[in-house]
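Reader: I would like to go through the charged pairs in this structure. Could we begin with the contact between the chains and then turn to the individual pairs?

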There are 2 protein chains.
Amino acid sequence: MTRPSDRRPLHLNAFLMSVGHHEAAWRLPESDPYAATDVEHYRRLAAIAERGKLDSLFLADSPVQFGNPGRRPAGRLEPIVLLTALAAATRHIGLIATASTSYYEPYNLARLFASLDHVSGGRAGWNIVTTAGADAARNFGLDDTPPHRERYERAGEFVEVATKLWDSWADDAIVADKERGVHAEADRVRAPRHRGTYFRVDGPLNVPRSPQAYPLLVQAGSSEDGKDFAARYAEAVFTAQQTLEEAKAFYTDLKRRVTAAGRDADAVKILPGIVPVIGDTEAHALELEAELDRLILPEYAKRQLAERLRIDPDELDLDAELPDDIPTEDEIEGAKSRYTLIVDLARREHLTVRQLIGRLGGGRGHRTFAGTATQVADTLQQWFTAGAADGFNVMPAVLPSGLEAFVDKVVPILQERGLFRTEYTGRTLREHYGLPRPADRLAEHVREPGELASAQV
Amino acid sequence: MTRPSDRRPLHLNAFLMSVGHHEAAWRLPESDPYAATDVEHYRRLAAIAERGKLDSLFLADSPVQFGNPGRRPAGRLEPIVLLTALAAATRHIGLIATASTSYYEPYNLARLFASLDHVSGGRAGWNIVTTAGADAARNFGLDDTPPHRERYERAGEFVEVATKLWDSWADDAIVADKERGVHAEADRVRAPRHRGTYFRVDGPLNVPRSPQAYPLLVQAGSSEDGKDFAARYAEAVFTAQQTLEEAKAFYTDLKRRVTAAGRDADAVKILPGIVPVIGDTEAHALELEAELDRLILPEYAKRQLAERLRIDPDELDLDAELPDDIPTEDEIEGAKSRYTLIVDLARREHLTVRQLIGRLGGGRGHRTFAGTATQVADTLQQWFTAGAADGFNVMPAVLPSGLEAFVDKVVPILQERGLFRTEYTGRTLREHYGLPRPADRLAEHVREPGELASAQV
């Protein structure tokens, strides 16, 4: 396993989540239960990830309070703000924030990401989500979430509007001719005047074109709609895959869709999630995992599982398998592919509800892998070389210790095998992922010359 | 003048704007024409202001590209992102971002400010604006701006929703009992379930209560609606006042409205803007001012003035006074009080259009004062002790040099006179302004116990 059979560069993203991805991580003696809102905690994590030369940091998000805050750390910081704070504490690593196309206005969000890209010197990424769930809808004046298909249609138009706004300043718009008193060439800043189904947005953006032009566009839904969306727009895809076979099938299917959408297959990087639990020996790793699982509150976790499966908690018996009569994916609104993954996992391995809870407690459906650093490196290499992944979304069960173990023990093995960079060679997030900067498309987006408003500040 | 006659603390806010508030500042040899999107430029400004122990930094904003970008630096960074970046580069100074109640969703904006307050350790402020103008409306699917009164009604309800969300976590909600597996007391996080005219927002916020509980609430409109809004909600008010008499009248009127609204007059700090142009001698200061005014492009500035006055540019003659038949304030939608201020200034001093353009070029209606550091300190002290101001919104004509001159030359005089702090004594922005932290109002806002959604992350 020490000679890489594949010289494609491998990519690693650190998915940060307060004290770790395991839902009981906060109950460990080492964990700071106030970490979720402590910027210093996140600065430490960012420094560790950057020491490991990782491509990027990633923060999930939804504009709603998920879960009963009583049982685990539920509050969080808004990701664009938190990653802006981390931009100042880092120099190289990419900064990927999740934001919802269902509950933001394109003009506001396009400005926030363009600004993050400026202040970070070209390190911004946007994980585009459509946000399922009535709870989120009820924070924005709606009674329920719009249908799945409609959310994705809106998301597509949202991305179109945002890219038009990011394109509304030409790269060379600012000429700064003090003598003539011409700061920018007026015809190099244009109003896209978007007119669509969901949005009417005149523009131009009030932020000059940023180092990357756009944030890196990331997508994480694996439903049919989600995969089609990714094929059209995404440059990186985060996905949950439990087995090598499933991961290869997903990878092949998505790359095929990318090609069918007229894009180069390499233009989209696919990163399955992995929850590594790293020990000095395999037994030690398994003991760490078991310790975490013992801290899960089974009755609380059962209620969460029932909620996810859209059934009554009383229908679940901790020491029996899932009942037969649960909904099908078609009946589910949001997180559709994750739903199927969980049901398939339980059926395939004949897990009791208690065992399933343990498996989900670590990564909410992402693959958990407990082992030595070498074993972790081996499985990453296997998936990478087998055509199941272009890299990985690393989701430590416990933070910061799990990220430290990954960076200090697994990364050096991957580097030694020639799979992973030993220094940053690029400056921007797209350069880390080997992706091109979007071209200046000012002329393409503009239907008529922009008539700009006069000053009124 | 060296013995302060008034021991109230004086407050100083630095209003940052790329290379300065004078519209021609970018044409000076010293100015970096790319500064508007350069976070390093703003870090330098923040460091200077913090060296001067100023209360806060402030950034104006509107979600629209104002003005022809050809003639002056028009692009900018989004203020919440920029101030988050500056939070990491500073330790004490407050960070006040402008954001619009007409074009944001309360849940999104409440999260952004709560997060900024967390990452800055309690230094966030929100300048609440309603955003006039059809150009902004057309970036958000509207044809024109909603009427003035309606914008202010929405703004009031927006602030109510935001404060309910900030109150939705009790101060002591997080108990972090690892043994019992109780992270937060569930009944200390509640959904406000707001139902109003403009908004329906369930909540709770997904950000635990921040160091200041709310950002400092700031307001800058001086119309009748604006003053009533300030009296109800604001803790600091930025205002444009040209003369001591007008400033005293405004101050008295607003404090009266604050008292009438059932609040303590001291609960609102009033800070008129001042554009100081500081020279080693008065002649030197006047020469600096004249040099800036010579760099104004008169035909471009005339078009801007015509736009502000809602008249045809051809009706303005650079070397004559304003025509008689211009609109009244009632006919103006947005920036109403500023409109009247400009017309009054021109009529009172019998200014030609060219002279008026010069006066507006420096501060867009804010008071410009050219003189030595002692003269600047004298006028600040005079306004402060005369009951025209609780402090000042300092708007240097040129940045960074004008802020440097103010901090290094004027501030020491104010300190020597016992008017201004020599060290920060507080930790949060509200502490700098001598204002109390909002009390825990969880019970007050909640009509029924919040039923929180189950986990689904």
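Reader: How many salt bridges does the rule find across the interface of chain A and chain B?
Author: The rule finds 6 salt bridges across that interface. Please bear in mind that this is a predicted model.

Reader: Which residue does B:R138 meet in a salt bridge?
Author: The side chain of B:R138 pairs with that of A:D202, at 3.5 Å from N to O.

Reader: And B:D61, with what does that form a salt bridge?
Author: The partner of B:D61 is A:R111, and their closest N and O atoms are 2.6 Å apart. This pair crosses between chains: B:D61 sits in the loop between strand 2 (56-59) and helix 2 (79-89) of chain B, while A:R111 belongs to helix 3 of chain A.

Reader: Are B:D61 and A:R111 buried or exposed?
Author: Both B:D61 and A:R111 are buried.

Reader: What about the interface as a whole: how many residues are in contact?
Author: On chain A, 88 residues are in contact with 88 residues of chain B. The two chains bury about 8,000 Å² between them, with 56% of it on carbon and sulfur atoms. The rule also finds 32 residue pairs in polar contact across the interface.

Reader: Which helix of chain A supplies the largest share of the side that touches chain B?
Author: That is helix 3 of chain A, with 8 residues. By residue type, the side of chain A that touches chain B divides into 45 nonpolar, 21 polar and 22 charged.

Reader: Changing topic, how many salt bridges are there over all chains?
Author: A search of the whole structure gives 75 salt bridges. One of them joins A:R180 to A:D177, with the closest N and O atoms 2.7 Å apart.

Reader: Why does A:D177 count as partly exposed?
Author: Its relative accessibility is 22%, so A:D177 counts as partly exposed. A:R180 is also partly exposed, at 47% relative accessible area.

Reader: Where do B:K53 and B:E423 lie?
Author: B:K53 is in the loop between helix 1 (39-51) and strand 2 of chain B, and B:E423 is in the loop between helix 13 (401-416) and helix 14 (429-432), so the pair ties together parts that are 370 residues apart in sequence. Their closest N and O atoms are 3.6 Å apart in this salt bridge. B:K53 counts as buried, because its relative accessibility is 17%.

Reader: Finally, which residues are linked in a network of salt bridges?
Author: A network of salt bridges links A:E224, A:K227, A:D228, A:D253, A:R256 and A:R257.

Notes:
Residues are numbered from 1 along each chain as its sequence is written. Chains are lettered from A and ligands numbered from 1 in the order in which they are written. This is a predicted model: local features need pLDDT of at least 70, side-chain atom pairs count only at pLDDT 80 or more; totals for chains, interfaces and linings use all residues. Side-chain values use heavy atoms; hydrogens and water are left out. Contact means heavy atoms within 4.5 Å. Buried area is the accessible area (1.4 Å probe) that two parts lose on being put together, summed over both. A salt bridge is a side-chain nitrogen of Lys or Arg within 4 Å of a carboxyl oxygen of Asp or Glu. A polar contact is a pair of N or O atoms within 3.5 Å; within protein, one must be able to donate a hydrogen and the other to accept it, and residues adjacent in sequence count only if both atoms are side-chain atoms. Helices (H or I, at least four residues) and strands (E, at least two) are DSSP runs, numbered from the N terminus. Ala, Val, Leu, Ile, Met, Phe, Trp, Tyr, Cys and Pro count as nonpolar, Asp, Glu, Lys and Arg as charged, and the others, Gly among them, as polar. Buried means under 20% relative accessible area, exposed over 50%, partly exposed in between (1.4 Å probe, protein chains only).
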